[in-house]
There are 4 protein chains.
Amino acid sequence: MLHFENDYNKGAHPAILEALVETNGEGLSGYGTDFYSSRAATKIREATNCPQADITFLTGGTQTNQVVIDAMLASYEGVIAADTGHIATHEAGAIEFSGHKVLTLPHQEGKIAAAAVRQLLEDFYADGNHEHMVFPGMVYISHPTEYGTLYSKQELLELAKVCRDYQIPLFLDGARLGYGLAARSTDLDLPSIAALTDVFYIGGTKMGALMGEAVVFTKSNQPKHFTTIVKQHGALLAKGRLTGVQFDRFFTDDLYLQLGAHAIEMAEKLIALLEEKGYRFYLKSPTNQQFLLVTAEELEKLDRAGVCYGFWEKYDETYTIIRLATSWSTSQADMDALAQVL
Amino acid sequence: MLHFENDYNKGAHPAILEALVETNGEGLSGYGTDFYSSRAATKIREATNCPQADITFLTGGTQTNQVVIDAMLASYEGVIAADTGHIATHEAGAIEFSGHKVLTLPHQEGKIAAAAVRQLLEDFYADGNHEHMVFPGMVYISHPTEYGTLYSKQELLELAKVCRDYQIPLFLDGARLGYGLAARSTDLDLPSIAALTDVFYIGGTKMGALMGEAVVFTKSNQPKHFTTIVKQHGALLAKGRLTGVQFDRFFTDDLYLQLGAHAIEMAEKLIALLEEKGYRFYLKSPTNQQFLLVTAEELEKLDRAGVCYGFWEKYDETYTIIRLATSWSTSQADMDALAQVL
Amino acid sequence: MLHFENDYNKGAHPAILEALVETNGEGLSGYGTDFYSSRAATKIREATNCPQADITFLTGGTQTNQVVIDAMLASYEGVIAADTGHIATHEAGAIEFSGHKVLTLPHQEGKIAAAAVRQLLEDFYADGNHEHMVFPGMVYISHPTEYGTLYSKQELLELAKVCRDYQIPLFLDGARLGYGLAARSTDLDLPSIAALTDVFYIGGTKMGALMGEAVVFTKSNQPKHFTTIVKQHGALLAKGRLTGVQFDRFFTDDLYLQLGAHAIEMAEKLIALLEEKGYRFYLKSPTNQQFLLVTAEELEKLDRAGVCYGFWEKYDETYTIIRLATSWSTSQADMDALAQVL
Amino acid sequence: MLHFENDYNKGAHPAILEALVETNGEGLSGYGTDFYSSRAATKIREATNCPQADITFLTGGTQTNQVVIDAMLASYEGVIAADTGHIATHEAGAIEFSGHKVLTLPHQEGKIAAAAVRQLLEDFYADGNHEHMVFPGMVYISHPTEYGTLYSKQELLELAKVCRDYQIPLFLDGARLGYGLAARSTDLDLPSIAALTDVFYIGGTKMGALMGEAVVFTKSNQPKHFTTIVKQHGALLAKGRLTGVQFDRFFTDDLYLQLGAHAIEMAEKLIALLEEKGYRFYLKSPTNQQFLLVTAEELEKLDRAGVCYGFWEKYDETYTIIRLATSWSTSQADMDALAQVL
């Protein structure tokens, strides 16, 4: 089988696994108070050029979104997001489970524009009835988005400005952050993301960890007793070393950025290959996810050839949208095999 | 001042108040177990031609929506509603507070069509990823809607059919039900509403009660231990008689329907008057709420004349949408005074 | 029937009802922004000698406890209460429904002592593991308690001191506050309660209102956007006038205190009568609730005589604990009739 | 350092880690639908002699307790537990966060007796007021308990009988189940636990996994759409293989039971050593946790010697309770070194 269906179908990058093996026998304190979690946090503070950052390691994306959003919002507040945002669509109502509404805006290739956010906020406060409505209390964006697209520094700066004007935090979901950081066209790096957001996370699960996401509060704004909040959400690992060791390794010798760069290189080859073979793109993204419009016959061909893809949605009578994703684990051999069968 | 801003600016209908005064000295049991609550329930069972109905009296609309929806949904389910539905807009996130998402559909003059609901349900179950999404577990409609519009029997029948096909309940918010029942053009009466919905409520607050809404579970489907659920939501009145006596009176000598009819009569006069005076309608509804497009000068004139209206929203640079509402308490004298000043 | 089962079996005090009738025809703004709510708040500020107090009117006791506690606690905090406290026993989990644990202490005749609260707080912070536990974030007391007992000024002062030391609010549930204020033995009046607590409520439902409780935030500490929080809990009355008018009347010509004094006078007669007839007291309280130990024969005698009482609990094989309560509505005729039948 | 402070200070058992390494390169489907999760479930069905069991892998104990309890309880129900139960004390209110009260009973060495549970249930339903109270909807026990003690088959049978009588599920928290199964004195094995409980979990985190717990619904009673509920709680791992592979290995060649047996053997040596050295036991348990009463001098001696122990609580002026725990990772060398320093 050729695995292009997503970026989490393999285990962990060998170097990550090795770090786990090497540290396995050490007796360490629990719940994130261990040496490796601490050292990983130090390295992330350096990589983000954000010495005051508070860093917490969680297990998965939905959990991270739920914990961060619930911890930062007042009970009467909701979170602004694109209507395609992960929290709005594919988290089984995890945000609502914790009591908050997702206030959606129409997306543009997965993104929301500062102007639209500002309009929503202006309209809200202009409404004489707004005390009967959910207060917009945060802006959530994903970077890369669910469509693999990226915000530019200018766009992020404008979003940050709106948030500052209305004194609400800007939260960046970086489940696939490494692929965004490595994109050719991006002008956003870790320090600029740390500077422009109030909280963001560095995704591990989809970047070559067994699991794990690193939440970074960038403005000395980690909610009080955050460990207790994490515990209350059932999200505190007893063996915090598990995420600590992995992120310590990610941020040693630039592994995190390298894995991103590798996937981007593979994605470029994928695009070239697909173009060469005459595939129609629904959306060609600068990161590791590519969206195609395929016919029933083409789908059948892929199936027969053992190419795994992500079913996205029916486009019309003729076409279906599918996703092909490269990742930290995509090899040149995978690419060659794909070229062979297409 | 001429009160056309809403339908809850006066106290209670004199007959309602009188019933409270008359029964005031009686020693009655609490929490809705009193004689009057019981008799009111019996009368509502008769009026709805629904002998198996379970009836509970609550205090207000948002509370009723929250309690009913939370009681009927599984934790992983959300409620389908028009994007203009009260639960989606003006309840400060009361539905999300209880853990559920509101799944919105674009409205047509406040309504949603069966076809759109069916499409949403079909799409949901067709999505291979739907286990990661909020399950659509109920359909919520308001009748009259927030725009004063009404469902026809055919439309309600079709909605009921979709709900039956997908085995999810149909919930009708009847905060202004009396005005809907009395509309000239409606072919829906209490028995047909009881027959076609799984649960609905008969609004009291906006129909001439001090407060109170009567929830009617029509299909022997009242959630188990509903009293405890009501209590847990902080919604159980110690003096349940307060709602019991009022609804007992509403359903004596057809008072409820008469009050609706009176408001409709006044609304027709209001429409005629506004048309005569050359006002532009944004939406002319068959019930007690009328929506106008007015200029800044017209607004100023209304303000000066002491006409209270409901500000709805800015329409464009020139026009503002306002609401004028008649009610059970609008008098001919009010209408004459309004005619005078317009 | 002779109604001694509770203090909410009658409607409203005639003066309250009259105030509702008199103001019934006035067109007033909704959601608590009306003239009477405003005037009632002013009068309560005067009566409590607390000019900075923020006052909000809610509907019932459980609702008030839920809204106040949820609004004041952080998500990771619970509320300390007596194990007999209303929130711990008879509110169907309304506090847990809003996400908070009730941290119980053993009661002494319904009360908790400052020393026990301090011990709990000391133990909590001494526990190296407390980040994995629910933070004690508030102290809840009822005054009178569920057993009709009262805190002395000294006791309240000590509780206030503990709360100040640990910077957590002291919340006094005054569902029956008027009976406490009128007790012969009390040295607590409204100003001292306002001075010593951070938030408390003045109960209306059990004191002669149709319904309604007045929440008083005493230290300029009303949670931000409290109206929205109230709405989100389904607790905002459209016709806020209903509670406003009633509390405006309560605080006109000292009606509230007079109704309390009347019930206390009746309670003293009740105690004298019961003693004279040889009844055994389980707990003789200084307020309107008295608890008796009665045999099966005595119960049967009361039943035959049409005396309504509150069943409390089985005491042992021989005795049952029952409650007899006087109230604002207990008349001399009721007392005479009771004397007759005992 | 000598690690006796808990049973989760090391990484994973080498065989577990090896299984992860071996399967690391395989492309597998996500969210628990992979081959290894499926095979692990099959093996657990065999080991529990429970062919109809539904098995789900979660990440940690608090998360598992929250998800299972919230999924099985109705909104108005709470869970009965010992006052020392993990859910009652050290989960930061995770159960209340999901809306449910923990109804505590006094413990006996960490356990609750069937008779006490029955009494609580009888009292509840005998209370005329119980519709205003939290319904007891489940019984939670831990086995081994937080004190390392165990239920006998007879005790579990009696608890199961009470639960059946009242039609509420019996939930066994097996965070340390392997140590219980391996205890000399136990007459409970996996099949008998599966037969007597409605749901239980097989702890991995404290038994030699990196993380992970296997939830077993034993009576074809897994809540509908359980995957969605897990997702909504932020508890669904993208790489479900991570828990699948580990449990697949646990249940290959009886590894799980062997690791338990090893820890018990070490615990017996620990007890013998401590007795020999004259230590006072607060509680000598049949499993891997032992509780000592130590003086300040003894504590200092342990500290100096680099013996890590778990601080439990102050016992009195003289003594402190500490916990020494063996585990799957305790070696004979550890024991020898401890003997040396004591």
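Student: Which domains does the domain assignment of chain A give?

Tutor: Domain 1 (2–7 + 259–341) and domain 2 (14–255) of chain A. The bounds come from an automatic or database domain assignment. The model is predicted: local features need pLDDT of at least 70, side-chain atom pairs count only at pLDDT 80 or more, and totals for chains, interfaces and linings use all residues. Residues are numbered from 1 along each chain as its sequence is written, chains are lettered from A and ligands numbered from 1 in the order in which they are written, and side-chain values use heavy atoms, without hydrogens and water.

Student: How many residues make the contact between domain 1 and domain 2 of chain A?

Tutor: Contact means heavy atoms within 4.5 Å. By that rule, 20 residues come from domain 1 of chain A and 22 residues from domain 2 of chain A. The C-alpha centres of the two domains are 28 Å apart.

Student: What area do domain 1 and domain 2 of chain A bury between them?

Tutor: About 1,600 Å², with 58% of it on carbon and sulfur atoms. Buried area is the accessible area (1.4 Å probe) that two parts lose on being put together, summed over both. On the domain 1 side, Asp7(A), Leu259(A) and Trp328(A) lose the most, together 30% of what that side buries.

Student: Why do β9 and β12 of chain A stand at the edges?

Tutor: The open sheet has 4 strands in the order β9-β10-β13-β12 (chain A), paired antiparallel. β9 (280–284) and β12 (310–314) of chain A each have a single partner strand, so one side of each lacks a neighbour in the sheet. The twist averages 30° from one strand to the next. Strands here are DSSP runs of E, at least two residues, and helices are runs of H or I, at least four, numbered from the N terminus.

Student: What makes β12(A) and β13 of chain A a pair?

Tutor: Two strands pair if DSSP finds at least two bridges between them. β12(A) and β13 (residues 320–325) of chain A have 4 bridges and run antiparallel. Therefore they meet the definition. Lys314(A) stands opposite Thr320(A) in β13(A).

Student: Which helix makes about 150° with β9(A)?

Tutor: Helix α12 (residues 255–276) of chain A, which packs on the sheet and touches β9, β10 (289–294) and β13 of chain A. Axes are lines fitted to C-alpha atoms, for helices over the stretch in contact, and angles run from 0 to 180 degrees between N-to-C directions.
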